[in-house]
Amino acid sequence: MKILALGAHADDIEIFMFGTMAAYAAQGAELSFAVATDGARGGKNDPAVLARVRRQEAMGAAALLGATPRFLDFPDGGLVADAALIDALKTLISEIGPDLVITHAPNDYHADHRALSDGVRIAASFGVPVLHADTMGGTGFSPTHYVDISAHADIKARAIRMHQSQDPDRFVDIALTQNLFRSGQCNGAQGSLAEAFRFEPTFPFGDIRALLPPPPPIRTVMVSTKRVD
């Protein structure tokens with residue numbers, strides 16, 4: 001299995017899909033990470049310094065799973081699904097040859113996320129299936145698939161905290177809240193965690209369940225046996 005995770009910014013993979021990447025790593029999958037923008041506008045520091053720092057942070061986070069991210073270095077805050085982005089994504093996909101690509105949802109909150117999602121959809125064409133990660137806060141997102149990340153919560157939090165330039169504890173809290181909710185949404189065990197995804201079947205890819213790590217186990221729904229007089 002070869003999995004390509006694509007994030008618009010240096011910490012996006014960690015926030016939205018790192019638990020799933022850890023689950024893939026535990027299965028022995030070959031992971032590839034790619035970051036579309038240079039991250040230069042993700043703070044108030046000098047843009048050149050910030051871009052360099054964020055690249056180092058992304059490399060440190062990816063190294064937790066033995067991966068080395070690639071950087072497409074498009075301008076932060078100005079990503080558009082134009083010919084330049086699509087060509088870069090086509091080249092990346094061709095070089096890696098993934099069995100599955102995971103990226104942002106087309107309706108996520110950040111314009112760079114939406115542009116990357118559109119570009120990946122066009123670049124992937126009918127060559128590889130594309131799976132969309134949950135949106136920030138789950139807003140406007142209807143999952144079709146869930147991945148149990150209960151065993152990988154610690155490494156996901158560590159990966160997010162590698163991005164010290166981004167005040168990461170807020171994202172650790174946001175991700176934990178969302179992952180608890182998504183597990184409960186699919187009837188996962190109390191305290192378990194899940195990342196949610198959406199897959200839109202596109203010929204020739206109709207069913208990708210065999211390409212995903214396991215979802216949370218489904219609990220039996222019990223009817224109360226308590227007698228009320």
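Colleague: In which helix is glutamine 178 found?

Modeller: In this predicted model, glutamine 178 is found in helix 6.

Colleague: Is glutamine 178 buried or exposed?

Modeller: The cut-off for a buried residue is under 20% relative accessible area. Glutamine 178 has a value of 13%, and therefore counts as buried.

Colleague: With which residues is glutamine 178 in contact, leaving aside its neighbours within four places in sequence?

Modeller: These are Asp134, Thr135, Met136, Gly137, Gly138 and Ala194. The side chain of glutamine 178 also reaches the backbone nitrogen of glycine 137, at 3.0 Å.

Colleague: How are two packed helices described?

Modeller: One gives the angle between their axes and the distance between the axes. Here, helix 5 (residues 153–161) packs with helix 6 (residues 169–185) at an angle of about 150°, and their axes are 9 Å apart. Helix 5 is therefore roughly antiparallel to helix 6. The crossing of the two is right-handed.

Colleague: Which residues make the contact of helix 5 with helix 6?

Modeller: Helix 5 contributes Lys156, Ala157, Ile160 and Arg161, while helix 6 contributes Asp169, Phe171, Val172, Ala175 and Asn179. Five of the residues in this contact are nonpolar, one is polar and three are charged.

Colleague: What is the phi of aspartate 167, and where does aspartate 167 lie?

Modeller: Its phi is near 50°, a positive value in a residue other than glycine. Aspartate 167 lies in the loop between helix 5 and helix 6, and is partly exposed, with a relative accessible area of 49%.

Colleague: Is the peptide bond from phenylalanine 203 to proline 204 cis or trans?

Modeller: That bond is cis, with omega near 5°. Proline 204 is placed in the segment after strand 7 (194–198).

Conventions:
Residues are numbered from 1 along each chain as its sequence is written. This is a predicted model: local features need pLDDT of at least 70, side-chain atom pairs count only at pLDDT 80 or more; totals for chains, interfaces and linings use all residues. Side-chain values use heavy atoms; hydrogens and water are left out. Axes are lines fitted to C-alpha atoms, for helices over the stretch in contact, and angles run from 0 to 180 degrees between N-to-C directions. Helices (H or I, at least four residues) and strands (E, at least two) are DSSP runs, numbered from the N terminus. Angles under 35 degrees count as roughly parallel, over 145 as roughly antiparallel, 65 to 115 as roughly perpendicular and the rest as oblique. A crossing is left-handed if the near helix is turned anticlockwise from the far one by less than a right angle, and right-handed if clockwise. Contact means heavy atoms within 4.5 Å. Ala, Val, Leu, Ile, Met, Phe, Trp, Tyr, Cys and Pro count as nonpolar, Asp, Glu, Lys and Arg as charged, and the others, Gly among them, as polar. Buried means under 20% relative accessible area, exposed over 50%, partly exposed in between (1.4 Å probe, protein chains only). A polar contact is a pair of N or O atoms within 3.5 Å; within protein, one must be able to donate a hydrogen and the other to accept it, and residues adjacent in sequence count only if both atoms are side-chain atoms.
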